[in-house]
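Welcome! Have a look around first, and then we can go through a few questions together.

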Amino acid sequence: FLRLSYQKFFDSDDELNTFLVSKLNVESINARLMKNMNGFINLNLEIFNILGKSHPHCLSNLIEPLIYSLSISEFAISNSSEFEGDIIEKSARKNRQAGFKLLYDLTDSLGEEYKWNQYGDIMYNNLVSNKLPNFVQENLQQPSSLMKIMCNLWTIPNLNFFLYYENYAPVKSLIGLLPNPNAKESVLNQVLNFIISLIENSHEQDSNYIETLTIIVSFCLENLVVLLENSSSNEVNSKAVDILLLLVEKDFVTDNDSRKILIDSLNLALDKPKNQVDLNVKSKIIKIIGSLIVGYDCSLEYIIPTYTNISALYSAYSDRIIRTVISQLMLNLGNRFSEFELVGKLASDLNAYSTKRINEPDFEIRLNAYREINQREYKKLTNLEWLPIVHTALYFINDENDHSMRSSSSYTLIRFVDSMNLQETKEDAESYLNTLKQ
């Protein structure tokens, strides 16, 4: 620690941040210096947990020698060809790896109160800036130590300023990993967590923070479609959907074009199998779509694929929560499009639950809806309107615990066939057959 002659770089008459790698020279770096830095870094790694808990006020004393050690190591690695042999370079790489781990622990332990601004320029110029041109390629396989610091710690308010350097270059480098098809799951999860953390803290009114969010929101709307289309990871898909939900809840999605992009993304996620997008996530997706449709200016033809996807879920899921969310979306569609007004109400009633008893169906409302369909409406329903009704009937026809629901569902499917036989042309009748195939 005391043998590191770092003070001359921090005690000059100039501002502290004038210590740049460009001031170093090869002659000033030798094996003994690298050994001293290695001892300093590894000793502090060993005792950090004890030191941090017992004497937290001492931690800030580690900052300057650590910045110095990491800066020297970066310089030695960048100029490795100028050293005789490979001892210096190997030592520098070991020091950098251990040093970034110590920097992570130190930054994390100092918490939200410590003012890092005085070290901002020196840290960014010496340790970060030269990493960004190749940042995506170097982090595809696993998150680097620097990437972990950026994702996990720079989202803390007192460290946000690191994200603003060079026209928000760190932010752009991180989110640039998302659309890359070669990025591993662990890498994508780090970036998605980074985005979630920033959006969740979007109450911050600083202009730089707002610009950061603008960059992220725009990027997410353009690229999460690709991510959801290509990803087979349940965790990645779940976090991507969480981001989309946050964008809606925080009112970042207000224009029609953004709504369209978002609905397209969510439909892709709904089409994925259960092992890639689980039940809880699909419930969130349906909730988001329901919110977006309320103010969405689009044609009936555009919304039909969404309506078709949602209708099919009635035959796939038994969970009360998701069935209730589906029904709410059907009601929203009915409020938005007159063509879905009747079926929205019928589908919701067919899947009604008691407001007094948890998880108990409201049999009265359900059976009344079946009677309305089977006795009056079946002749007038279009093949499109039949879609959620048929999927609901296909689900309840297998209900071993309730004979009345099973019987009513069976009769509704017969009425569907009756409705198909009433069609005047072969083409119209075939459209009803297609409903069964969806």
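**Cysteines, helices and a cap**

Reader: Is C220 buried or exposed?
Author: C220 has a relative accessibility of 1%. Buried means under 20% relative accessible area, exposed over 50%, and partly exposed in between, with a 1.4 Å probe and protein chains only. At 1%, C220 therefore counts as buried.

Reader: What should I know about the model before I go on?
Author: This is a predicted model, in which local features need pLDDT of at least 70 and side-chain atom pairs count only at pLDDT 80 or more, while totals for chains, interfaces and linings use all residues. Residues are numbered from 1 along each chain as its sequence is written, and side-chain values use heavy atoms, with hydrogens and water left out.

Reader: How do the axes of α6 and α8 run, roughly parallel or roughly antiparallel?
Author: Helices are DSSP runs of H or I with at least four residues, strands are runs of E with at least two, and both are numbered from the N terminus. Axes are lines fitted to C-alpha atoms, for helices over the stretch in contact, and angles run from 0 to 180 degrees between N-to-C directions. The axes of α6 (residues 145-152) and α8 (residues 185-200) come within 8 Å and cross at roughly 30°. Angles under 35 degrees count as roughly parallel, over 145 as roughly antiparallel, 65 to 115 as roughly perpendicular and the rest as oblique, so α6 is roughly parallel to α8.

Reader: Which residues of α8 does α6 meet?
Author: Contact means heavy atoms within 4.5 Å. On the α6 side, the residues are M147, K148, M150, C151 and N152. Their partners in α8 are V187, Q190, V191 and F194.

Reader: Which residue caps the N-terminal end of α11?
Author: The loop between α10 and α11 holds D255, a partly exposed residue at 36% relative accessibility. A polar contact is a pair of N or O atoms within 3.5 Å; within protein, one must be able to donate a hydrogen and the other to accept it, and residues adjacent in sequence count only if both atoms are side-chain atoms. The side chains of D255 and S258 are joined by such a contact of 2.7 Å. A side-chain oxygen also lies 3.3 Å from the backbone nitrogen of D257, and the capping residue is D255.

Reader: Which helices do the buried residues of α11 pack against?
Author: Helix α11 covers residues 256-270. Its buried residues include L262, I263 and L266. They pack against α9 (207-230), α10 (234-249), α12 (279-294) and α13 (300-312).

Reader: How many residues of α2 are buried?
Author: Helix α2 (residues 63-78) reaches 22 Å from its first C-alpha to its last, close to the 22 Å expected at 1.5 Å a residue; that expected span is 1.5 Å times one less than the number of residues. The helix is mostly covered, and the buried count is 15 of its 16 residues.

Reader: With which side chain does S129 make a polar contact?
Author: S129 sits in the loop between α4 (120-128) and α5 (135-138). Leaving aside neighbours within four places in sequence, S129 is in contact with Y124 and E166. The polar contact, at 3.2 Å, is with the side chain of E166.
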